[in-house]
Amino acid sequence: MNTQQQIQDAVSTLSRAFAPYQCRIQAARKGSFSFTLVNQAGIAQHSQRLYPGQYSGPHLQQVIERTRQVLKA
């Protein structure tokens, strides 16, 4: 699977994991990207940059779990 496909899969996974937040992708370049979770009022709740190796398999699940903990705080 190429990098672009991995990023698309990660974006899809992040969008599902954090619904009803909108998952906005920004600055996708050189194999990395930033995602920002935005609430229904349009206010950013969390932003993070992911690098190759962070957005596949168990690493992505760890990102999701840590982000959920941040959102609960």
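1. Basis. Local features need pLDDT of at least 70 and side-chain atom pairs count only at pLDDT 80 or more, while totals for chains, interfaces and linings use all residues of this predicted model. Residues are numbered from 1 along each chain as its sequence is written, and side-chain values use heavy atoms, without hydrogens and water.

2. Helix pair. The axes of α1 (residues 3–17) and α2 (residues 57–72) come within 11 Å and cross at roughly 30 degrees. That makes α1 roughly parallel to α2 (angles under 35 degrees count as roughly parallel). Helices here are DSSP runs of H or I with at least four residues, and strands are runs of E with at least two.

3. Helix contact. A10, T13, L14 and A17 in α1 meet L60, I64 and R68 in α2; contact means heavy atoms within 4.5 Å. These residues divide into 5 nonpolar, 1 polar and 1 charged.

4. S34. This residue lies in strand β2 (residues 32–38). S34 is buried, with a relative accessible area of 12% (buried means under 20%, exposed over 50%, partly exposed in between, with a 1.4 Å probe and protein chains only). Not counting residues up to four places away in sequence, S34 touches R24, I25, Q26, A27, Q48 and R49.

5. Q22. Strand β1 (residues 22–29) holds Q22, which is partly exposed at a relative accessible area of 41%. Leaving aside neighbours within four places in sequence, Q22 is in contact with T36, L37 and V38. C-alpha to C-alpha, Q22 and S12 are 11 Å apart in space, and they are 10 residues apart in sequence.

Definitions and conventions: Axes fitted to C-alpha atoms, helices over the stretch in contact; angles between N-to-C directions. Parallel < 35°, antiparallel > 145°, perpendicular 65-115°, else oblique. Nonpolar A, V, L, I, M, F, W, Y, C, P; charged D, E, K, R; others polar.
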